[in-house]
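Biologist: I am new to this structure and would like to learn how to read it step by step. Could you show it to me, and then take me through a few of its features?

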Amino acid sequence: FAGAVLFLGSCVSNKQYVYLQKDDVNKKGLPKDTILRTYAIDTFDYKIQSNDVVSIQFKSLTDKEYDIFSGGAQQNGNLNLTSGSGLLMGELVDELGEIPFPVVGKVKIAGLNVFEAQEKLQSLAEQYLQSPVVKVRLINYRITILGEVNREGSVTLFNNRVNMMEAIGLVGGLTDLSDKANIKLIRQRGTETEIVYVNLLDENFIHSPYYYVYQNDVLIIPALRQRPFRKYFGQNLALIASSVSILLLSINLINSN
């Protein structure tokens, strides 16, 4: 009886395992090929912060010798298109949220999303270059996932619109013993650090402001209470059983003598 209680207590039910539930775990008769629910997803709008690294490229019809933004040039047909592949690739946003440019000085882009920063630099470039095209990308979008995952570590994202399930998938997913209802999120916002717990078992998490991951997010995945039994006691159960059998056999032999 005690063994049965221990065994059942170590089990992980599907309700502790399946992501984004809506009273549909192991439910029979669910309609197929039918839209059950729809959700309006809030627009994801990451704002550039200090210490972010941005890639900035300028291309224009301006001759290389007059292009104050680019560090090199490449030929494309009969047009001389200058490219920001040198000086301005991988610019670090300073503590004031600014990046430096030749001639024009520092330009503040912190607090803007990538598209807003691109438009701001486009307007600036139009004052100095002929028919410029500006491209801005965030290149250090990195998150760290620790705990009950199949591969702990940091992941660099090339798309800043990644939700938490996608991010977890990049490290091989969560283990069977992970507590998906109490995931700890550590998020940097300017000079502050937020600590938030999220529940990935609830389908309503789609509405959460933490649905998408941010630059420098840290996810800590705790273990279920069943972990000690499954990881330690369960693996050694055969050894314990054999040890008990030898002990009982020894006691019987001693008593028989």
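**Reading a predicted model**

Modeller: Let us begin at the surface of what is a predicted model, where V244, L247, L248 and I251 form a nonpolar patch that has about 350 Å² of accessible area together.

Biologist: Where is L247 found, and is L247 buried or exposed?

Modeller: L247 is found in helix 5, which covers residues 237-256. Exposed means over 50% relative accessible area, and L247, with a value of 52%, is therefore exposed.

Biologist: Which residues is A117 in contact with, leaving aside its neighbours within four places in sequence?

Modeller: With those neighbours set aside, A117 is in contact with I48, I109, L112 and V136. As for V107, which is 10 residues apart from A117 along the chain, the C-alpha atoms of the two are separated by 9.8 Å.

Biologist: Now to the strands: in what order do the five strands of the open sheet come?

Modeller: Strands of a sheet pair through backbone hydrogen bonds, and the pairing may be either parallel or antiparallel. Here five strands form an open sheet in the order 9-8-12-10-11, with mixed pairing. The edge strands, each pairing on one side only, are strand 9 (153-156) and strand 11 (192-198), and the twist from one strand to the next averages 20°.

Biologist: In what sense do strand 8 and strand 12 pair, and how many bridges join strand 10 to strand 12?

Modeller: Strand 8, residues 142-147, pairs with strand 12 in the parallel sense over four bridges; T144 has V218 of strand 12 as its bridge partner, and G147 has I221 of strand 12. Strand 10, residues 183-189, runs antiparallel to strand 12 and is joined to it by three bridges, and here L185 has L219 of strand 12 as its bridge partner.

Methods
Residues numbered from 1 in each chain as written. Predicted model: local features only at pLDDT ≥ 70, side-chain atom pairs only at ≥ 80, totals over all residues. Heavy atoms only, no water. Pairing = 2+ DSSP bridges. Helix = DSSP H or I, 4+ residues; strand = E, 2+ residues; numbered from the N terminus. Axes fitted to C-alpha atoms, helices over the stretch in contact; angles between N-to-C directions. Patch = residues over 30% accessible without salt bridge, like charges linked within 9 Å, V, L, I, M, F, W, Y side chains within 5 Å. Areas by Shrake-Rupley, 256 points an atom, 1.4 Å probe, with all protein chains shown as cover. Salt bridge = Lys/Arg side-chain N within 4 Å of Asp/Glu carboxyl O. Buried < 20%, exposed > 50% of the residue type's maximum accessible area, 1.4 Å probe, protein only. Contact = heavy atoms within 4.5 Å.
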